[in-house]
Amino acid sequence: MGWQWFHRLGSPRWFYENSRKWLPWLGAVTVVLLLTGTVWGLAFAPVDFKQGNSYRIIYIHVPAAFLALAGYYVMAISGAVGLIWKMKLADVVMKCAAPIGAALTFLALVTGAVWGKPTWGTWWVWDARITSMLVLFFLYLGVIALQEAYQHQETANKASAILALVGTVNIPIIYKSVDWWYTLHQPATIKLTSSSTIHPSMWYPLMVMIFGFYCFYALVLILHTRAEILEREKRTKWVKQL
Amino acid sequence: MIFQFETLQDFWAMAGHGPYVWGCYGITALVLVYLVVSPLRRQKRFLQEQRRLLRVTERWVAADGTASRASGPNTSGPHVSGQRTSGEIG
């Protein structure tokens, strides 16, 4: 009885029809947060006394990296839900989370490389954090490739869900890499358990950007999921009536 | 909160870090916009294609009802009339 919402949530049609109402709100919040965070971070946050203005890249590098990791959870968990409960919507979400996650990981890597040039004097090093992020990028690409590799959607879902689940082993490695192998990448400045090592005047705009990226992720995931649902359900009556 | 730069030129130059910072923000903006636009375009194309197919099928069904069934295999069937109809629309 209490599980009715769970089954309803698994219905692609229910999702398609209801997500339409969420989009304008989510879109507005995302735009406001991202614009505020960008202007604040670029123009009003104080200059870093060591890195100069190049540190302003943090306002996209860190949120992109956050969401690259959070997106992996979304992909792996929905893959697991799809495997266990055969929930249609979960399979769709897993498939859609892969290209979005890959794009965000790509952004984290590229902005990191560009930031590295003026700060470390090099675009790329085989540092533990960077390498494990590269592995994350390849895991996303693997899921995308597996989705395309099979004729049958169900086989593709199963294979890519298993890859996504096996790949979760990389997540704690990414988190801990800066502590285990202390090389070039700086350790986490933002901590949940102890106080952060970043000044509030720099931290507030970063927080705005992180929230903005979370909203952006939700928005884009919903958009991709809606497009995918239509194509998968094109033989059903409700899609034909659209 | 104060604007951290003396002039707009300073803001653009970022004391020498301008290309790095603006480059990053530019790439990010492109990727984010692409992530929003691509599913919207895909959905729009899908719906257009489905409407086209629906019209084609409707015409075919209507033509099938009026035309004689003995018109031969070459002129009947959804594929043939589909090509004709798409020519008319496009």
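Residues are numbered from 1 along each chain as its sequence is written, while chains are lettered from A and ligands numbered from 1 in the order in which they are written. Because the model is predicted, local features need a pLDDT of at least 70 and side-chain atom pairs count only at pLDDT 80 or more, whereas totals for chains, interfaces and linings use all residues.

The predictor assigns the complex an ipTM of 0.88 and a pTM of 0.85. Among the elements of chain A, helix α1 (residues 4-9) has the lowest mean, 70, and helix α3 (residues 58-85) the highest, 94. Helices here are DSSP runs of H or I with at least four residues, strands are runs of E with at least two, and both are numbered from the N terminus.

Chain B averages a pLDDT of 78, with 72% of its residues scoring at least 70. Confidence in chain B is lowest in helix α3 (residues 78-89), at a mean of 44, and highest in α2(B), at 91. Over residues 75-90 of chain B the pLDDT is below 50, and this stretch has 16 contacts in the model beyond near neighbours in sequence. Two residues are in contact if their C-beta atoms, placed from the backbone, lie within 7 Å.

The architecture of chain B consists of three helices and zero strands, and from the N terminus on its elements run α-α-α. Of the 90 residues in chain B, 11% are buried. A residue is buried if 20 or more other C-beta atoms lie within 10 Å of its own, exposed if 12 or fewer, and partly exposed in between, with the C-beta atoms placed from the backbone.

Where do the two chains meet? In the model, 25 residues of chain B are in contact with 29 residues of chain A. Helix α2 (residues 18-66) of chain B gives the most to the side of chain B that touches chain A, with 18 residues. By class, that side of chain B has 18 nonpolar, six polar and one charged residues. In this scheme Ala, Val, Leu, Ile, Met, Phe, Trp, Tyr, Cys and Pro count as nonpolar, Asp, Glu, Lys and Arg as charged, and the others, Gly among them, as polar.

Attention now turns to helix packing within chain A. Two packed helices are described by the angle between their axes and the distance between the axes. Axes are lines fitted to C-alpha atoms, for helices over the stretch in contact, and angles run from 0 to 180 degrees between N-to-C directions. Helix α2 (residues 12-44) of chain A packs against helix α8 (residues 200-232) of chain A at an angle of about 150°, with the axes 7 Å apart. The helices α2(A) and α8(A) are therefore roughly antiparallel to each other. Angles under 35 degrees count as roughly parallel, over 145 as roughly antiparallel, 65 to 115 as roughly perpendicular and the rest as oblique. The contact of α2(A) with α8(A) has 20 nonpolar, eight polar and one charged residues.

In a second pair, helix α4 (residues 88-120) of chain A and helix α5 (residues 128-149) of chain A pack at an angle of about 150°, with their axes 9 Å apart. These two helices, α4(A) and α5(A), are therefore roughly antiparallel to each other. The residues of the contact of α4(A) with α5(A) divide into 15 nonpolar, four polar and one charged.

Individual residues complete the picture. Cys215(A) lies in helix α8 of chain A and is buried, with 20 other C-beta atoms within 10 Å. Not counting residues up to four places away in sequence, Cys215(A) touches Leu26(A), Val29(A), Thr30(A) and Leu33(A). The C-alpha atoms of Cys215(A) and Val29(A) are separated by 7.3 Å, although these residues are 186 residues apart along the chain.

Gly71(A), in helix α3 of chain A, also counts as buried, with 23 C-beta neighbours inside 10 Å. By contrast, Lys86(A) is exposed, with 12 other C-beta atoms within 10 Å. Lys86(A) is placed in the loop between α3 and α4 of chain A, and its phi is near 55°, a positive value in a residue other than glycine.

Notes:
pLDDT is the predictor's confidence in each residue, from 0 to 100.
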